[in-house]
Amino acid sequence: MSESSWTPQDLVSRSQEAKGFSYSPYSSFRVGAALLTTDQQLYTGCNVENACNNLGICAERTAICKAVSEGHRSFKAIAVASDMMDHYISPCGGCRQFMREFGLQWDVYLSKPDGSFIKKTVEELLPVSFGPEDLRRKKAVPASENSL
Ligand code: THU
């Protein structure tokens with residue numbers, strides 16, 4: 001597919017394909033994600049579970065880690081797919097925070113298996129959030145006086 005021609009429906013479709021690679025033997029809950037960078041690169045991801053339960057990773061974070069580890073930090077949109085017939089898949093809190101790390105004003109498409117979707121911004125999904133800017137804000141006690 002030529003660059004800059006990704007539609008929201010394409011992203012949803014790629015997230016559904018990625019769902020096919022889901023490794024979810026414990027939950028049987030398949031999730032796929034398709035992440036579009038601002039320079040039109042697409043990274044997909046699926047959830048990858050583990051026998052040591054809390055080590056599993058969500059589809060959205062897989063896709064974001066793939067993109068960041070290849071030098072991309074600026075994102076335009078992410079689509080998420082699951083098998084829930086009657087509900088739009090909604091990213092977990094951890095994934096919302098993970099998205100927020102890379103900005104508040106980009107789009108998240110929550111989809112259903114029939115390809116329908118709703119669009120939210122990261123900020124809509126995680127209002128009044130904590131982010132990287134907060135670490136740089138003026139503090140009441142200078143960090144130097146607060147250390148051992
Ligand atoms: N899961 C995701 O991959 N993304 C979400 O936003 C919600 C949950 C995965 C995690 C786990 O592998 C399975 O779905 C059930 O929670």
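Two strands count as paired if DSSP finds at least two bridges between them. Keep in mind that this is a predicted model.

Stop 1: Select residues 75–82, strand E3, and residues 107–111, strand E4. They pair in the parallel sense, over four bridges. Now pick Ala-77: Asp-107 in E4 stands opposite.

**Stop 2: the whole sheet.** Show the strands as cartoon. Five of them form an open sheet in the order E2-E1-E3-E4-E5. The pairing is mixed. Which strands lie at the edges? Strand E2 (42–46) and strand E5 (117–121), each of which pairs on one side only. On average, neighbouring strands are turned by 20° against each other, direction ignored.

**Stop 3: the ligand.** Select the ligand and show the residues around it, among them Ser-27, Phe-29, Val-31, Cys-58, Ala-59, Glu-60, Ser-90 and Pro-91. The shell divides into six nonpolar, three polar and two charged residues.

Stop 4: Zoom in on ligand oxygen atoms.
- Glu-49: a polar side-chain atom lies 2.5 Å from a ligand oxygen.
- Asn-47: a side-chain N or O atom is 2.9 Å from a ligand oxygen.
- Cys-92: a polar backbone atom is 3.1 Å from a ligand oxygen.

Finish with a surface view. On its own the ligand has 370 Å² of accessible area, and the protein covers 76% of that.

Technical notes. Residues numbered from 1 in each chain as written. Predicted model: local features only at pLDDT ≥ 70, side-chain atom pairs only at ≥ 80, totals over all residues. Heavy atoms only, no water. Near = heavy atom within 4 Å. Polar contact = N/O pair within 3.5 Å; in protein donor to acceptor, adjacent residues only side chain to side chain. Areas by Shrake-Rupley, 256 points an atom, 1.4 Å probe, with all protein chains shown as cover. Nonpolar A, V, L, I, M, F, W, Y, C, P; charged D, E, K, R; others polar. Helix = DSSP H or I, 4+ residues; strand = E, 2+ residues; numbered from the N terminus. Axes fitted to C-alpha atoms, helices over the stretch in contact; angles between N-to-C directions.
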